[in-house]
Amino acid sequence: MPSFRAQLNITGLRPGHVPEQVMEVAVAAVGSAHVVEANQLDVVAGVPRITVRFTVDPNAYDAENRQALQAAVDMRHAVEQVATTERLAVLRRSRGKWQTLR
């Protein structure tokens, strides 16, 4: 199963929301179409970054990448309902390394 990571920087919370909701909605958005393997929160240069690792069903290489990119866009859309964001990145596991999708 091809493995991907969607990473999204969080720049603030929208009024009436709590920090835990950010990861909850991110995982729910990706998990609605794919198997979520893990999630984590890191602080990089003082900016919170969420990462959701997931798999897509095996298919043609380009189709797998399109599915992953769509999952990341869906995740960002869901998260933006509770928080402000910037810099979405999608990475694919290939030969033991994470490579950014372009």
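Biologist: What should I know before reading the model?

Modeller: Residues are numbered from 1 along each chain as its sequence is written. The model is predicted, with local features needing pLDDT of at least 70 and side-chain atom pairs pLDDT 80 or more, while totals for chains, interfaces and linings use all residues, and side-chain values use heavy atoms, leaving out hydrogens and water.

Biologist: How many helices and strands does the chain have, and in which pattern?

Modeller: Helices (H or I, at least four residues) and strands (E, at least two) are DSSP runs, numbered from the N terminus. Here there are 2 helices and 5 strands, in the pattern β-α-β-β-α-β-β along the sequence.

Biologist: Which residues touch the most other members of the largest nonpolar core?

Modeller: A nonpolar core is a set of buried Ala, Val, Leu, Ile, Met, Phe, Trp, Tyr and Cys residues joined through side-chain atoms within 4.5 Å. Buried means under 20% relative accessible area, exposed over 50%, partly exposed in between (1.4 Å probe, protein chains only). The largest core has 21 residues, and Ile10, Val22, Ile50, Phe54, Met75 and Val79 touch the most other members. Its largest share, 5 residues, comes from α2.

Biologist: Is Asn9 buried or exposed?

Modeller: Asn9, in strand β1, has a relative accessible area of 8%, so Asn9 is buried. A polar contact is a pair of N or O atoms within 3.5 Å; within protein, one must be able to donate a hydrogen and the other to accept it, and residues adjacent in sequence count only if both atoms are side-chain atoms. The side chains of Asn9 and Arg49 make one at 3.3 Å.
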